[in-house]
Amino acid sequence: MAVNPSTRCFPRSLAPPPRSPVVFFKRVSSSRPSFLTELPVSRIVSVRSQVPSSDGSGPLRFVIEPQSDIGSSSSSSSAIDFLTLCHRLKTTKRKGWINHGIKGPESIADHMYRMALMALIAGDLPNLNRERCIKIAIVHDIAEAIVGDITPSDGVPKQEKSRREQAALNEMCEVLGGGMRAEEIKELWEEYENNASLEANLVKDFDKVEMILQALEYEMEHGKVLDEFFLSTSGKFQTEIGKSWAAEIISRRNSRLASKLH
């Protein structure tokens, strides 16, 4: 059933920042999990953009339009829809840093990118698939494009957080159009979520290593003490690489703190 574009729009909380292009979505009806009720009850099938006025004035809206026949370009259309949705990973800032007053903190995509670099440069381990580690690092937080960065301070139980992210991941894979690549993303995400392989173990460690390295960098840049991030990861590394890299970061931090006392 066609939707009148003048009657439905996304809430401002999901609009891009000022001066960003206004992105318009074409959608078809689809059921959505209850926690996503702030979004229209439909899914993305194609995207086009329109640049706002030069002064960035006026409301930024996501307008729903009737579906048109997709035809032979459906694969390209689905890929661009998916990548447009993933844009939010580049613009959504990691909440832990926001909560500690860090100005201009890293985005979710920033975090995942450096984790992928960690997987690329890490030493070899027996029976470890390095390419799979890189892939897991790239997708492990991908559902946050929809649910955002849920931190322990939000008070969301771990099981509920996982449920929300699973539902969001399924939604994103629908946007991608299903198929082999969507199934691979689901498999990689679930492997990480369940800590189900050596590759998942290592990427779990990289998640913590990247966080404490970023914490050390923010301490140096902003003159803050961010003990919480180091305490929350203490003793939780599973691999020798993770333990070694974490120990190096902590050693550098301790040396810096000691030098400040003198």
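Leu202 is buried, with a relative accessible area of 1%, where buried means under 20% relative accessible area, exposed over 50% and partly exposed in between (1.4 Å probe, protein chains only). The model is a predicted one, in which local features need pLDDT of at least 70 and side-chain atom pairs count only at pLDDT 80 or more, while totals for chains, interfaces and linings use all residues. Residues are numbered from 1 along each chain as its sequence is written, and side-chain values use heavy atoms, with hydrogens and water left out.

Leu202 lies in helix H8; helices (H or I, at least four residues) and strands (E, at least two) are DSSP runs, numbered from the N terminus. Residues up to four places away in sequence aside, Leu202 touches Leu125, Leu128, Cys133, Thr239 and Ile241, contact being defined as heavy atoms within 4.5 Å. Gln238 is 36 residues from Leu202 in sequence, and the C-alpha atoms of the two are 7.2 Å apart.

The protein chain contains 10 helices and 3 strands, in the order β-β-β-α-α-α-α-α-α-α-α-α-α along the sequence. Of its 262 residues, 44% count as buried. Among contacts between residues at least 6 apart in sequence, 70% join residues at least 24 apart.

The largest nonpolar core comprises 51 residues. Such a core is a set of buried Ala, Val, Leu, Ile, Met, Phe, Trp, Tyr and Cys residues joined through side-chain atoms within 4.5 Å. Phe82, Trp97, Ile142, Met172 and Phe206 have the most contacts inside this core. Helix H8 (residues 198–222) gives the most to the core, with 9 residues. Beyond its neighbours within four places in sequence, Phe82 is in contact with Ile142, Met172, Val175, Leu176 and Ile185.

The axes of helix H1 (residues 74–91) and helix H6 (residues 158–176) come within 7 Å and cross at roughly 145°. Axes are lines fitted to C-alpha atoms, for helices over the stretch in contact, and angles run from 0 to 180 degrees between N-to-C directions. H1 contributes Ser78, Ala79, Asp81, Phe82, Leu85 and Cys86 to the contact, and H6 contributes Met172, Val175 and Leu176.

Glu144 is found in helix H5 (residues 144–147). Glu144 is buried yet has no salt bridge, that is, a side-chain nitrogen of Lys or Arg within 4 Å of a carboxyl oxygen of Asp or Glu. The nearest side chain of opposite charge, Lys161, is 4.9 Å away; Lys and Arg count as positive and Asp and Glu as negative, with His and the chain ends not counted.
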